[in-house]
Amino acid sequence: TATLSFDSFRGALKLLRATAAESTRYVGESLSEKVGRILAPAENALNLMANSNLSEAGDAGIRLRELPDFLRLLTSNTGFDATFIGYANGEFLLIRPLRTEDDHVRYAAPKAAALLVQSIERDEVGAGRGQYRFYSADGTLLRARAEPGYNFDPRTRPWFTAAHEAKRTILTDPYVYFTTRTLGVTMARPVRDGGPVIGIDLALQSIAAELAPLRTCLLYTSD
């Protein structure tokens with residue numbers, strides 16, 4: 001639940017709490033409610049992803065048929081930085097909205113691109129092949145290119161091992177994302193025991209924007 005996730009979210013909130021020596025009970029309750037409103041949509045989205053064909057699809061072609069649903073999911077909540085799934089065979093698929101001009105420049109995306117799909121597939125000997133695919137807002141593939149430098153094993157990532165060890169939805173401590181090199185947290189859950197792990201990245205910059213009004217309250221209560 002969002003309440004349980006809030007307990008795991010304390011690491012991310014340290015950045016906010018550090019701005020004040022103490023907080024009142026009212027502000028503390030408001031903070032908990034606000035965080036709950038941020039985390040609840042992410043947890044609901046994970047449950048939807050777990051029941052989609054994306055979680056068990058055996059090849060990229062089948063996985064990509066789910067894109068329209070995930071495009072709607074990402075555009076409806078600007079707090080989601082990306083959604084992804086790491087497979088038990090070491091393959092990986094991440095779906096990222098391209099919301100700003102900076103996003104398009106960073107990924108050398110076509111001007112009309114609204115969505116970036118980053119994937120890692122593996123051959124018969126386990127060697128990884130990275131690829132970027134760019135899609136328009138209506139789901140049309142605009143461009144695909146190989147990305148040799150985009151290659152890692154999701155099974156070694158903290159969110160993958162933590163979700164399997166917990167056997168439930170988890171929220172990581174803040175860490176630096178592999179692609180963007182920005183700071184954020186990941187909410188993740190296993191689809192089944194020993195199977196894929198699905199997740200949603202929540203950038204701390206987006207979280208900070210949501211919590212900004214409460215930051216002002218915390219500063220006042222410390223005076």
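Trp-159 is buried in this predicted model, with a relative accessible area of 4%, and its ring forms a tilted aromatic pair with Phe-84, at 4.6 Å centre to centre and 55° between the planes. That pair links distant parts of the chain, since Phe-84 lies in strand β1 and Trp-159 in helix α7 (residues 158-166), 75 residues apart.

**Aromatic rings**

- A search of the whole structure finds 12 aromatic pairs, and ring pairs link Phe-84, Phe-92, Tyr-107, Tyr-132, Phe-134, Tyr-150, Phe-152, Trp-159, Phe-160 and Phe-178 into a cluster.
- Phe-84, the partner of Trp-159, has a relative accessibility of 3% and therefore counts as buried, the cut-off being under 20%.
- The rings of Phe-152 and Phe-178 have their centres 4.6 Å apart and their planes at 40°, so this pair, too, is described as tilted.
- Phe-152 lies in the loop between β5 (141-146) and α7, whereas Phe-178 lies in the loop between β7 (175-176) and β8, so the pair ties together parts that are 26 residues apart in sequence.
- The two partners fall into separate accessibility classes, because Phe-152 counts as buried at 12% relative accessibility, while Phe-178 is partly exposed, with a relative accessible area of 31%.
- Arg-157 lies over the face of Phe-152, at 5.8 Å from the ring centre.

- Strand β9 (residues 197-203) is mostly covered, with 7 of its 7 residues buried.
- In a regular strand the side chains alternate between the two faces of the sheet.
- In β9, Val-197, Gly-199, Asp-201 and Ala-203 point one way and Ile-198, Ile-200 and Leu-202 the other way, and all of these residues are buried.
- Strand β1 (residues 82-86) runs antiparallel to β9 and is joined to it by 5 bridges, with Ala-82 standing opposite Asp-201.
- Strand β8 (residues 183-190) is also antiparallel to β9, the two being joined by 7 bridges; Ala-188 has Gly-199 as its bridge partner, and Pro-190 stands opposite Val-197.
- β8 and β9 form a hairpin with 6 residues between them, and Gly-194 in the turn has a positive phi of about 80°.

**Strand β8 and its other neighbours**

- 7 of the 8 residues of β8 are buried, so this strand is largely enclosed by the rest of the structure.
- Strand β6 (residues 170-171) pairs with β8 in the antiparallel sense over 2 bridges, and Leu-171 stands opposite Met-187.
- β7 runs antiparallel to β8 and is joined to it by 2 bridges, with Tyr-175 opposite Gly-184.
- β7 and β8 form a hairpin with 6 residues between them, and Arg-181 in its turn has a positive phi of about 60°.

**The cavity**

- Rolling a probe the size of a water molecule over the atoms shows where empty space is left.
- The count comes to 1 cavity of 30 Å³ or more, and the largest cavity has a volume of about 140 Å³.
- The largest cavity is lined by 17 residues, of which Phe-92, Leu-94, Tyr-177, Phe-178 and Asp-201 lie nearest its centre; among them, Phe-92 and Phe-178 also belong to the cluster of ring pairs, and Asp-201 is a buried residue of β9.
- Strand β2 (residues 92-97) supplies the largest share of this lining, 3 residues.
- By class, the lining has 9 nonpolar, 4 polar and 4 charged residues.

Terms used: Residues numbered from 1 in each chain as written. Predicted model: local features only at pLDDT ≥ 70, side-chain atom pairs only at ≥ 80, totals over all residues. Heavy atoms only, no water. Buried < 20%, exposed > 50% of the residue type's maximum accessible area, 1.4 Å probe, protein only. Helix = DSSP H or I, 4+ residues; strand = E, 2+ residues; numbered from the N terminus. Pairing = 2+ DSSP bridges. 1 Å grid on protein atoms, 1.4 Å probe; cavity = no way out; pocket = protein on both sides within 12 Å on 5 of 7 lines; lining within 4 Å. Points joined across faces, edges and corners; volume = space filled by probe spheres on them. Nonpolar A, V, L, I, M, F, W, Y, C, P; charged D, E, K, R; others polar. Phe/Tyr/Trp six-rings, centres within 6.5 Å; stacked < 30°, edge-to-face > 60°. Lys NZ or Arg CZ within 6 Å of the ring centre and 35° of its normal.
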